[in-house]
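Student: Please take a close look at one part of this model for me. I would like the sheet, and then what surrounds it.

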Amino acid sequence: MIYSTKDLLKKYKNNTAISRKLKEGTLFKVSHGIYSDDETCIADMEKIFLTYKNTTLTNESAFYFYDLSDYIPAKYNIASENKGSKIAFENVDQSYMNNNLIKVGRKKVKTDYGYIYIFDKERMLVELIRLRNKFSYEYFKEVVSNYRKLVINGEIDFMKVLSYCKAFKRGDNIRKQIEDLVL
């Protein structure tokens, strides 16, 4: 299991007890402020989301998470608030987002890596259209095709999509493109 320093202080009451557990080998330091009781089960994603709690999984990483693409991104795509800290992990592609927009469609999800923030499927549809020039044509086409299947199966709440579009500049244009490409 993964622990923050705060969690360990609640459990062991002081830094001396934590140091003792580290020396005994029953606790392992993963990175600054992050510890584990199992040296082998520490994934990069756990480290990222424990260290940077307010970041959000987005773009290719979110599409892969939702099985909208079979492309496995080489780096984790993470969105942070405008004034957020720079993420110091090499395998992270970080983007900054307006503080109001980062909360639109964001949800907390329990994964094998603990709890993470990720944009919901409806918000990711808006992101797909909004950032379409960032993706290759084949990739874009694959994700749009999978969104069409979700729409047919009734798994997309179009009212959410409409409300998310309103939060963005050129939201009407995004909405029209979604209607043309996905519906």
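Tutor: The model is predicted. Five strands make up an open sheet with mixed pairing, in the order S6-S5-S4-S8-S7. The edges belong to S6 (92-97) and S7 (106-111). Each has a single partner strand, so one side of each lacks a neighbour in the sheet. Strand S4 (residues 56-57) pairs with strand S8 (residues 114-119) in the parallel sense, over two bridges. Leu57 stands opposite Ile118 of S8. Helix H3 (residues 44-51) lies across S4, S5 (76-81), S6 and S8. Relative to S5, H3 runs at about 0°.

Next, helix H4 (residues 59-65), which contains Ser61. Ser61 has 7% relative accessibility and counts as buried. Leaving aside residues up to four places away in sequence, Ser61 touches Pro73, Lys75, Tyr76 and Asn77.

Now the rings. The structure has six aromatic pairs. One of them joins Tyr71 and Tyr139 edge-to-face, 5.8 Å centre to centre and with 80° between the planes. Tyr71 sits in the loop between H4 and S5, and Tyr139 in helix H6 (residues 137-152), so this pair ties together parts 68 residues apart in sequence. Tyr71 is partly exposed at 41% relative accessibility, whereas Tyr139 is buried at 8%.

Finally, charges over rings. Lys110 lies over the face of Tyr115, 5.3 Å from the ring centre. The charged end of Arg123 sits over the ring of Phe119, at 4.0 Å from its centre.

How values were computed: Residues are numbered from 1 along each chain as its sequence is written. This is a predicted model: local features need pLDDT of at least 70, side-chain atom pairs count only at pLDDT 80 or more; totals for chains, interfaces and linings use all residues. Side-chain values use heavy atoms; hydrogens and water are left out. Two strands pair if DSSP finds at least two bridges between them. Helices (H or I, at least four residues) and strands (E, at least two) are DSSP runs, numbered from the N terminus. Contact means heavy atoms within 4.5 Å. Axes are lines fitted to C-alpha atoms, for helices over the stretch in contact, and angles run from 0 to 180 degrees between N-to-C directions. Buried means under 20% relative accessible area, exposed over 50%, partly exposed in between (1.4 Å probe, protein chains only). Rings of Phe, Tyr and Trp (its six-membered ring) pair if their centres lie within 6.5 Å; planes under 30 degrees apart count as stacked, over 60 as edge-to-face and the rest as tilted. A charge sits over a ring if NZ of Lys or CZ of Arg is within 6 Å of the ring centre and within 35 degrees of the ring normal.
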